[in-house]
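Could you walk me through this structure while I have it open in my viewer? Tell me what to select at each stop and what is there.

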Amino acid sequence: MYFFSLRQLRMLSGFWCLALYSIVAHAQISTEPLPAGSRAGLLIQPLQPHATATVQQTGDYFPPASTLKVITALASQLELGPEFRFETTLNVNADDVALNFDGDPTLTTQDLKRLLLALKQQHGTVIKGNLWLDNRRFTGYERAVGWPWDVMGVCYSAPVSAINIDGNCIQASIYTQDDGATRVFVPEHYPVHVTTNAQTVSDTEQQSQLCDLELTASQENHYRLAGCLTHRSKPLPLKFAVQNTELYAQRVVYKLLNQLGITLKGDIRIGAMPNHHGHTPHTVAVHRSANLTQLLETMLKESDNLIADSLTKTLGHQFFLQPGSFSNGTEAIKQIIFARTEISLQDAQLADGSGLSRNNRLRLDSMRQVLMYLWQHDAELGLMGLLPVAGESGTLKYRRSMRSDEVKGRIQGKSGSLYGTYNMVGFALDEQGKPETLFIQYVTDYFPPNPVQDVPVESPITQFELGFYQHVLSLSQAHSSPH
């Protein structure tokens, strides 16, 4: 039996603590599953005083993809406040009527119908003048520089306008047919035109012809499907992005006027309702969106691009007191965050607030500082609780690398993906669900070899993520263990 003095016990305890710290601080993160040529930026930092970060990176700048929404959320909370709401108003001046849009990304056709119904109830069934759709709140491009042309027709890259109706998204479906043709169905309430000459083919024919379903869209909101589609027993759901928001809004409003039995003597016009001498404009009805906290929860959990970029343009409008755009919105994000947190993002390349642009670039340490600020100020910000949880909510609910028992419920964060990019930022949680470690995973230039047909195998990125999240949790547990 061995006995140790109190001094010896303290020395021994310090030795093991130092040894454990050394192991943790220098533990290498395995990137072996990633294919050759991939670049990775990885960072793990315990949320404890004086704790150092474990960092491995190839290059300094990475495309943040949708992890950029964390930064957009922070700037929005700091500048707009949790009770901010988008407002769409219906005003009357003499014989003219105006719908004033301010970029509400959640505005629906039914919301517009209720505004027009209030007009009918208060002013009757005839509009003697023109009906104006005022879209002056935003200006410039409706899609950011760096959005690829080949996804312009799908809803996650819907245009960002002052006039957003039903997410600027059209629901449809395409059916394969036994005669080799296809047919498309679009609900009649959508004022768009869709045609298809895509061919129905077998799996073998699709592989041999290297043929895919292709979509082209025009500024008249006309859509054409071509290419081929493998035979299906059920229709394939489609989501088309509106191409011309002004034309789409005009057609929607015309339909609503007809439904409500309102006669318009003039025209539906785009722009500001003119002032009429001797008349004072007055507000007939107002539609308000959910508050900012609810908008941010949807944006972060569902990775909603339209909410993110509508908020970005709104920040540009409010911060610079001019119509909002991608250009002044991203600059506003940088200036707001620096002024309120002293975190400099001046060297970051930001083209939008959603992360959809391929032109965005960010350093690991910039994201680390933002995550640290979120954690340190969570009591007043309340943003961390809006992030999805591994295997439980939002975009992380069904992520393959987050469904194991040891990871499920133990990570809260924001994912982000683009072609060749797979990102995740967030926090490892302790047994009580409290953050104890922050982490960043930026993987880009990821181009794995094509999988062998009919051979089930876990993708390299999933294999890497499984190991990385286990590593994050093990380091988190090591730092939280009493020494």
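Start by selecting His-471, which sits in helix α11, the stretch covering residues 460-480. Is His-471 buried or exposed? Its relative accessibility is 16%, and because buried means under 20%, His-471 counts as buried. Keep in mind as you look around that this is a predicted model.

His-471 and Ser-327 are 144 residues apart along the chain, and their C-alpha atoms are separated by 39 Å.

Next stop: the disulfides. How many disulfides are there by the sulfur distance rule? The count comes to two.

Select Cys-155 and Cys-169 for one of them. Their sulfur atoms lie 2.0 Å apart, and the link is right-handed, with 95 degrees about the S-S bond. Cys-155 belongs to the loop between β7 (131-134) and β8 (169-176), while Cys-169 is in strand β8; the two are 14 residues apart, and the pair links distant parts of the chain. Color by accessibility and you will find Cys-155 buried at a relative accessible area of 17%, with Cys-169 buried as well at 11%.

Move on to Cys-211 and Cys-228, whose sulfur atoms are 2.2 Å apart in a disulfide. Cys-211 is in the loop between α4 (203-209) and β12 (213-217), and Cys-228 is in strand β13 (residues 222-230), 17 residues away; this pair also links distant parts of the chain. Cys-211 has 15% relative accessibility and counts as buried; Cys-228, at 4%, counts as buried too. With the bonded cysteines numbered in sequence order, the pairing reads 1-2, 3-4.

Now zoom out and color by domain.

- Domain 1: 39-83 + 292-449 + 457-478
- Domain 2: 87-140 + 246-288
- Domain 3: 166-241

Over C-alpha atoms, the centres of domain 1 and domain 3 are 34 Å apart.

Switch to cartoon view for the whole chain, and you can trace 11 helices and 21 strands. A box along the principal axes of roughly 100 × 60 × 35 Å holds the C-alpha atoms. Of the 483 residues, 52% count as buried.

Finish with the surface. The chain exposes about 23,200 Å², with carbon and sulfur atoms supplying 50% of that area. Coloring by charge shows 38 positive and 45 negative charges, and their mean positions are 4 Å apart.

Key:
Residues numbered from 1 in each chain as written. Predicted model: local features only at pLDDT ≥ 70, side-chain atom pairs only at ≥ 80, totals over all residues. Heavy atoms only, no water. Domains from an automatic or database assignment. Helix = DSSP H or I, 4+ residues; strand = E, 2+ residues; numbered from the N terminus. Buried < 20%, exposed > 50% of the residue type's maximum accessible area, 1.4 Å probe, protein only. Areas by Shrake-Rupley, 256 points an atom, 1.4 Å probe, with all protein chains shown as cover. Lys, Arg positive; Asp, Glu negative; His and termini not counted. Charge placed at Lys NZ, Arg CZ, Asp CG, Glu CD. Disulfide = S-S within 2.5 Å.
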